[in-house]
Amino acid sequence: MAESDSLNNLDPTDLKILLELIRDPRVQIGELSESLGIARNTAQSRIRRLLRTGVLHDGGREIDLEAVGYDVVAFVTIEVTHRELDGVVAALRLLPQVLEVHEISGRGDVWCRVVATDTHNLQAALRQILRIKGVIRTETVLALHTHIPYRTEPLISRLAQGGPAQATRAVRASTASRGQPTD
């Protein structure tokens, strides 16, 4: 089955399995089958299928949002009235298409990553954001392709090889060897 067919083949049980894996990435097959009221073999075979079709990644705990229909990714910088910042963040938390929110320095006050099924769906999400009390304006940039997805393995690997001080020295040495400033 091709990845593009994944969305068409997801039924309510598949979606419930994905939701349980998001809520508790360490859930065991027995617990999963019990909480969903399905046979253990059913849970196991569905997880295998979700992995095989690319809906699940990284040992079955990371979901490919593109495979479930959210293939538009946007980065939204939001300028807010500062006294309304907490309220804006609380309102953003209620929007399911907002994946992450960061308070930032520089242009704008808040940065968030938003996903959508298409540009019309993105426009609707952006309108919801603009209606939040305290939002002054937004600037949206679309992601065209992900070259390096979110990752932590290189950092942890570097720490495991010699700790943060050694990791910092290695970065500085690497940068210096290429003739670039180190600070």
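Is Glu62 buried, partly exposed or exposed? Glu62 counts as partly exposed, at 36% relative accessibility. The model is predicted. Its protein chain has six helices and six strands, and buried residues make up 28% of the 183 residues.

**Order of elements**

- Read from the N terminus, the elements of the protein chain run α-α-α-β-β-β-α-β-β-α-β-α.
- Residues 12–23 form helix α1 and residues 29–36 form helix α2.
- Helix α3 covers residues 40–52.
- Strand β2 covers residues 62–63.
- Helix α6 covers residues 153–177.

**Helices α1 and α2**

- The axes of α1 and α2 come within 11 Å of each other and cross at roughly 125°.
- Leu32 belongs to helix α2.
- With a relative accessible area of 1%, Leu32 is buried, since the cut-off for buried is under 20%.
- Leu32 and Ile17 are 15 residues apart along the chain, and their C-alpha atoms are separated by 7.5 Å.

**Thr42 in helix α3**

- Thr42 is located in helix α3.
- Its relative accessible area is 30%, so Thr42 is partly exposed.
- From Thr42 to Ile29 the C-alpha to C-alpha distance is 9.7 Å, with the two residues 13 residues apart in sequence.

**Glu62 in strand β2**

- Glu62 is located in strand β2.
- The value of 36% puts Glu62 in the partly exposed class, because that class lies between the cut-offs of 20% and 50%.
- Glu62 and Leu21 are 41 residues apart in sequence, while their C-alpha atoms are 8.4 Å apart in space.

- A nonpolar patch on the surface is formed by Leu155, Ile156 and Leu159.
- Together, these three residues have about 300 Å² of accessible area.
- Leu155 lies in helix α6.
- Leu155 has a relative accessible area of 58% and is therefore exposed, as the cut-off for exposed is over 50%.

Definitions and conventions: Residues are numbered from 1 along each chain as its sequence is written. This is a predicted model: local features need pLDDT of at least 70, side-chain atom pairs count only at pLDDT 80 or more; totals for chains, interfaces and linings use all residues. Side-chain values use heavy atoms; hydrogens and water are left out. Patches are made of residues with over 30% relative accessible area and no salt bridge: like charges are joined within 9 Å, nonpolar side chains (Val, Leu, Ile, Met, Phe, Trp, Tyr) within 5 Å. Accessible areas come from the Shrake-Rupley method with a 1.4 Å probe; for residues, only the protein chains shown count as cover. A salt bridge is a side-chain nitrogen of Lys or Arg within 4 Å of a carboxyl oxygen of Asp or Glu. Helices (H or I, at least four residues) and strands (E, at least two) are DSSP runs, numbered from the N terminus. Buried means under 20% relative accessible area, exposed over 50%, partly exposed in between (1.4 Å probe, protein chains only). Axes are lines fitted to C-alpha atoms, for helices over the stretch in contact, and angles run from 0 to 180 degrees between N-to-C directions.
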